[in-house]
Amino acid sequence: MRIDIITCLPKLLESPFSHSILKRAQDKGLVEVHVHDLRQYSTNKHRTVDDYAYGGGAGMVLMIEPVSACIDALKQERDYDEIIYMSPDGQLFTQNVANELSIKTNLMILCGHYKGVDERVREHYITREISIGDYVLSGGELAAAVVSDAVIRLLPGVISDETSALTDSFQDGLVAPPVYTRPAEFKGWKVPDVLLSGNEKKIEEWRFQEAVARTKERRPNLLNDSAENS
Ligand code: ADE
């Protein structure tokens, strides 16, 4: 998979891709992440990429010229399965959306900034708009990192225990059951006996019951959603 991210704040995206699982995935050649600085595509000498909104009002708008120049340049190199725009009014990002994106080959992500981007970009280039939640961030960069992380960890070979991503919270419509590690007792607080029993069948049953109970208690909407989707 290849992910191209377009931003006017490329430095903001250096760290998320330079550590842990996302770094290893790139080192292993399982994903290529390229961050493109929108200012490099500015058509004026001050390298500005934003301008006042027509009709007035507070806040700057990303201009169509640099965005178009950058997207066109990237599209000349390869075909993109999706050109995504990160925006609080996009489709809510869920595990299902991450699963869907994880089987694509080339993704492009445009990070919004300021008051957003000239609407003509959304009309003519963008194939999908994604929001990571009902709150407003200063820009789309952190949201793009969230989406990339959730997608990359699903790629075959990225997580060493192959079944690990499949047993994540949400993959089966349930939140994850509790987990414990050594010591078996700390300050008198004990790990449930069943986990120390060595009985795999009983452990599986316990984990499933705990996951269902936890989902009912914390995220009952997930149970309703899966009933509606089945
Ligand atoms: N840009 C600003 N807020 C955002 C959000 N909640 N999701 C995606 N992109 C955003």
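Colleague: Which strand gives the most residues to the shell around the ligand?
Modeller: In this predicted model, the residues around the ligand include M86, S87, P88, G112, S131 and Y135. Strand 5 covers residues 82-92, and M86, S87 and P88 are among the residues around the ligand. With 3 residues, the element that gives the most to this shell is strand 5.

Colleague: How many charged residues does the shell around the ligand have?
Modeller: I132, V136 and L137 are among the residues around the ligand. By class, the shell has 7 nonpolar and 5 polar residues. The number of charged residues is none.

Colleague: Which residues is L110 in contact with, leaving aside its neighbours within four places in sequence?
Modeller: L110 is one of the core residues that touch the most other members. Contact here asks for C-beta atoms within 7 Å. Leaving aside neighbours within four places in sequence, the contacts of L110 are I6, V67, I83, I84 and Y85.

Colleague: What distance separates the centres of domain 1 and domain 2?
Modeller: Domain 1 runs over 2-152 and domain 2 over 169-229. The C-alpha trace of the whole protein spans about 70 × 40 × 40 Å along its principal axes. Taken over C-alpha atoms, the separation of the two domain centres is 36 Å.

How values were computed. Residues numbered from 1 in each chain as written. Predicted model: local features only at pLDDT ≥ 70, side-chain atom pairs only at ≥ 80, totals over all residues. Near = placed C-beta within 6 Å. Helix = DSSP H or I, 4+ residues; strand = E, 2+ residues; numbered from the N terminus. Nonpolar A, V, L, I, M, F, W, Y, C, P; charged D, E, K, R; others polar. Core = buried A, V, L, I, M, F, W, Y, C linked by C-beta atoms within 7 Å. Buried ≥ 20, exposed ≤ 12 C-beta atoms within 10 Å, placed from the backbone. Contact = placed C-beta atoms within 7 Å. Domains from an automatic or database assignment.
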